[in-house]
Amino acid sequence: MPAALTLVLGGARSGKSRYAEGLIAALPPPWAYIATAEAGDHEMAVRIRGHRARRGRSWRTVEAPRDIATALAEAAKMPVLVDCLTLWLSNLMLADADIDAEIDRLEKALADTEAPVVLVANEVGSGIVPDHPLGRKFRDLHGLLNQRVAARADRVVLMVAGLPLAVKGAL
């Protein structure tokens, strides 16, 4: 059973989403899946279709590329998976949103949520320093976002090569 708030971190293709889905699916349905991805090209559309097919019909999908806070409130008492904070942050940056205010809204929504929530995010600080100012800004903001959510989380799991490692709390 997931803790009240779980953050699942990892690199690309580390098994984050599949692991997070399993945490929520261990609870009685219905489940809510808050999707932040947008199908901006064919490859992304294929990825989104694959994720939907893997989840099946027991999941209520809510498209929320920039407004996770409202989607969390609308999920009521259903266990919720948010996939993923990385794309959410990217979407906010491209929309020139007030990132700090949006993270504040997210934190308030998480505090007000009564059901278990699992958040997925990439761990972006382990790679090279981006050579472009926007890339460095994204990496820095994402690191701060992950720190803020991890501080609030009951459990933090780092996925490495498909294996979950407990960073905070028990697996």
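**Basis.** I worked with a predicted model, where local features need pLDDT of at least 70, side-chain atom pairs count only at pLDDT 80 or more, and totals for chains, interfaces and linings use all residues. Residues are numbered from 1 along each chain as its sequence is written, and side-chain values use heavy atoms, with hydrogens and water left out.

I looked up the largest pocket and noted a volume of about 770 Å³. A pocket here is an open set of points on a 1 Å grid over the protein atoms alone, where a 1.4 Å probe fits, with protein on both sides within 12 Å along at least five of seven lines; lining residues have an atom within 4 Å of a point. The volume is the space filled by probe spheres set on the points, which are joined across faces, edges and corners. I found 29 lining residues, with Arg 13, Ser 17, Arg 47, His 51 and Asp 83 the closest to the centre. Helix 2 gives the largest share of the lining, 9 residues. Helices (H or I, at least four residues) and strands (E, at least two) are DSSP runs, numbered from the N terminus. By class, I noted 9 nonpolar, 9 polar and 11 charged residues in the lining. Ala, Val, Leu, Ile, Met, Phe, Trp, Tyr, Cys and Pro count as nonpolar, Asp, Glu, Lys and Arg as charged, and the others, Gly among them, as polar.

**Helix 4 and helix 6.** I found that their axes come within 10 Å and cross at roughly 130°. Helix 4 is therefore oblique to helix 6. Axes are lines fitted to C-alpha atoms, for helices over the stretch in contact, and angles run from 0 to 180 degrees between N-to-C directions. Angles under 35 degrees count as roughly parallel, over 145 as roughly antiparallel, 65 to 115 as roughly perpendicular and the rest as oblique. The contact (heavy atoms within 4.5 Å) includes Trp 88 and Met 93 of helix 4 and Phe 138 and Leu 141 of helix 6.

**Helix 5 and helix 6.** I noted axes that come within 11 Å and cross at roughly 20°, so the two helices are roughly parallel. Among the residues that meet are Ile 103 and Leu 110 in helix 5 and Leu 145 and Arg 148 in helix 6.

**Backbone.** I found a cis peptide bond from Pro 29 to Pro 30, with omega near 10°. Another cis peptide bond joins Asp 83 and Cys 84, with omega about 5°. Ala 76, not a glycine, has a positive phi of about 55°.
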